Amino acid sequence: MIVPINALEADTLYSLAESFVLREGTDYGEEEVSLDVKVQQVLDRLKSGEAVLVYSELHESVDIKRKEDIQPSDETE
């Protein structure tokens, strides 16, 4: 099930984005990007609709996925 970002408190949304960034691992790009910048990039993608929050009832968890990567079952879980 897709969770609208406006259904969450700002602190909760930030914590979800931060957790997502920390799960993604080490950045091996040419220049180091701070955690705050990475989190803001995720938040920007959520706000623009490029990424969505997906709640899994089965796993009782929330994940962040690119909109084009979600499966029809993700929308209704």
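Q: Which residue in β2 does Ile-2 stand opposite?
A: Ile-2 stands opposite Val-54 in β2. Strands here are DSSP runs of E with at least two residues, helices are runs of H or I with at least four residues, and both are numbered from the N terminus. Keep in mind that this is a predicted model, where local features need pLDDT of at least 70, side-chain atom pairs count only at pLDDT 80 or more, and totals for chains, interfaces and linings use all residues. Residues are numbered from 1 along each chain as its sequence is written, and side-chain values use heavy atoms, with hydrogens and water left out.

Q: How many bridges join β1 to β2?
A: Two bridges, and the strands run antiparallel. Two strands pair if DSSP finds at least two bridges between them.

Q: And what holds paired strands together in general?
A: Strands of a sheet pair through backbone hydrogen bonds, either parallel or antiparallel.

Q: OK, what's the order of the strands in the sheet?
A: The order is β1-β2-β3, in an open sheet of three strands with antiparallel pairing. β1 (2-3) and β3 (61-66) stand at the edges with a single partner strand each, so one side of each has no neighbour in the sheet.

Q: Which helix packs on the sheet, touching β2 and β3?
A: Helix α1, residues 10-23, does that, and its direction makes about 70° with that of β3. Helix α2 (residues 35-48) also lies across β2 and β3, running at about 90° to β2. Those angles run from 0 to 180 degrees between N-to-C directions, with axes that are lines fitted to C-alpha atoms, for helices over the stretch in contact.

Q: Back to β2: is it mostly covered or mostly uncovered?
A: Mostly covered, as five of its six residues are buried. Buried means under 20% relative accessible area, exposed means over 50%, and partly exposed is in between (1.4 Å probe, protein chains only).

Q: How many bridges join β2 to β3?
A: Six bridges join them, and they run antiparallel. Val-54 stands opposite Asp-63 in β3.

Q: What's going on with Glu-60 in the hairpin?
A: The hairpin of β2 and β3 has four residues between the strands, and Glu-60 takes a positive phi near 50° there. Glu-60 isn't a glycine, and it is exposed, with a relative accessible area of 65%.

Q: New topic. How many salt bridges does a search of the whole structure find?
A: Three salt bridges turn up. A salt bridge means a side-chain nitrogen of Lys or Arg within 4 Å of a carboxyl oxygen of Asp or Glu.

Q: Which side chain does Arg-23 meet in a salt bridge?
A: Arg-23 meets Asp-63, at 2.7 Å from N to O. The pair links distant parts of the chain, with Arg-23 in helix α1 and Asp-63 in strand β3, 40 residues apart.

Q: Are those two buried or partly exposed?
A: Arg-23 is partly exposed at 48% relative accessible area, and Asp-63 is partly exposed at 27%.

Q: What about Arg-66, who does it meet?
A: Arg-66 meets Glu-68 in a salt bridge at 3.5 Å, N to O. Arg-66 also meets Asp-69 in a salt bridge, at 2.8 Å, N to O.

Q: How exposed are they?
A: Glu-68 counts as exposed at 56%. Arg-66 is partly exposed at 48%, and Asp-69 is partly exposed at 35%.

Q: Where is Arg-45 found?
A: Arg-45 is found in helix α2 and is partly exposed, with a relative accessible area of 41%. Leaving aside neighbours within four places in sequence, Arg-45 is in contact (heavy atoms within 4.5 Å) with Glu-50 and Ala-51.

Q: Zooming out, what pattern does the chain follow along the sequence?
A: The pattern is β-α-α-β-β-α, with three helices and three strands in the chain.

Q: And what share of the chain counts as buried?
A: Of its 77 residues, 23% count as buried. The chain exposes about 5,600 Å², and carbon and sulfur atoms supply 49% of that. Those areas come from the Shrake-Rupley method with a 1.4 Å probe, and for residues, only the protein chains shown count as cover.
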